[in-house]
Amino acid sequence: MWKYAIGTIIAALVLYIYLIFPETRRKREIWKYRGTQWAHRGLHENQAGIPENSMAAFRQAIRAKMGIELDVHMTRDHKLVVFHDDTLQRMCGVSGSVEEKTWEELKTLHLLDTAESIPLLKDVFHLVKGKVPILIEVKLLTEDTAICRFLVEELKAYGGQVLVQSFNSLVLRWFRKYETQILRGQLSSNLVKSEETPHYMFRFCVKYLLSNCICRPDFISYKMEDSQNISLWMQKHLFRVPVAVWTLHGETMLQRAKSRFDMYIYEKN
C-alpha cells in the first residue's frame, strides 16, 4: 500500500514539473533585459493629459529611457492598433470593440477626451526606432490567432528589441510553433492575468503556471499580488527563468519589487 502511495506522489510530482516547466534554451538572451523598467502602457499621466497607450505616453517613456509595455488588438480590416481594453467604452466613450471596427472608424476617436488617438503599432515602431525595448501584450478575444501572423510581418520590418507576451496560451503556442522559422529568436512569455480569466479552473491553471506545458515561456510576467506561490518560486529559483512583475505604482512599490524580481512593469498613476 505504501509503495502505491509513494508511486502516486512521485507520478504527481513528475506531472507537476512537466506542466510548469518553462523554455530554458534562451535564458542568456532574455537575461540581458534584467533590471529593465517597463512603462506600463507607456509613461502615461492622466492629470497631465497623457493617456495610456498613446503616442504622448510612449514619447515620455523614451525620454525617461524606460522600456515600453503596450497592448495590441487587430481591427476588422487587419490593422494592428495599440489599445488595452476589450471594449472602447472606458477610453473612447463609444460602444463596441477594436475587433468590430475598421481602422477608418477608429482613427477618428480620441483617448479620454484628449487630442490623442489610438495609434497604429507600426507608427509606434517608427517613433521608437530601437531607442528602448518594447514589450507587446497580444490581446486575443477569440480562438482565431490571425493576429499573430500580422504581428510577425510587422516585427520582421522592425529592427528594435521586442518581447511578446499574452495571457492567452494560444498566442504563445503559436509563437512557440513558428518562432524558429519566422521570428528567428524573438521571445515569447507567459503573462499571468488570473483576475481577468473568467473560468475558475482555467484561472487556477494560469495562476499556478500549469499552462506552461502549452507554450513553454521564455520568461514569466506575474501580478505582484499573486506572487506568493510555489510555482513562481520554482520558475525563479529552480529553473532560473527571469520574472517580470506588474503593475507597480510609485517608487516605494518599485523599490520593494527590486529585491524579488528581475523586470518591473511600472506606472506613475
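Start by selecting residues 162-166, strand E5: how many of the 5 residues are buried? The answer is 5 of the 5, so E5 is largely enclosed by the rest of the structure. Keep in mind that you're looking at a predicted model.

Now check the two faces of E5 in turn. On one side you'll find Val162, Val164 and Ser166, and on the other Leu163 and Gln165; these residues are all buried, which leaves both faces covered.

E4 and E5 run parallel to each other, paired over 4 bridges. For a landmark, click on Ile136, which stands opposite Val164 in E5. How does the chain get from E4 to E5? Follow the chain through helix H7, residues 146-156: this β-α-β crossover is right-handed.

Second stop: strand E1, residues 37-40, where you can pick out His40. Is His40 buried or exposed? Its relative accessible area is 9%, and buried means under 20%, so His40 counts as buried. Show its neighbours too: leaving aside residues up to four places away in sequence, His40 touches Glu69, Thr247, Ile265, Tyr266 and Glu267.

Ile6 is partly exposed, because its relative accessibility is 41%. Select Trp2, Ile10 and Val14 along with Ile6, and you have a nonpolar patch on the surface. Together, these residues have about 440 Å² of accessible area.

Definitions and conventions:
Residues numbered from 1 in each chain as written. Predicted model: local features only at pLDDT ≥ 70, side-chain atom pairs only at ≥ 80, totals over all residues. Heavy atoms only, no water. Patch = residues over 30% accessible without salt bridge, like charges linked within 9 Å, V, L, I, M, F, W, Y side chains within 5 Å. Areas by Shrake-Rupley, 256 points an atom, 1.4 Å probe, with all protein chains shown as cover. Salt bridge = Lys/Arg side-chain N within 4 Å of Asp/Glu carboxyl O. Buried < 20%, exposed > 50% of the residue type's maximum accessible area, 1.4 Å probe, protein only. Pairing = 2+ DSSP bridges. Right-handed = clockwise from strand over helix to strand, strands pointing away. Contact = heavy atoms within 4.5 Å.
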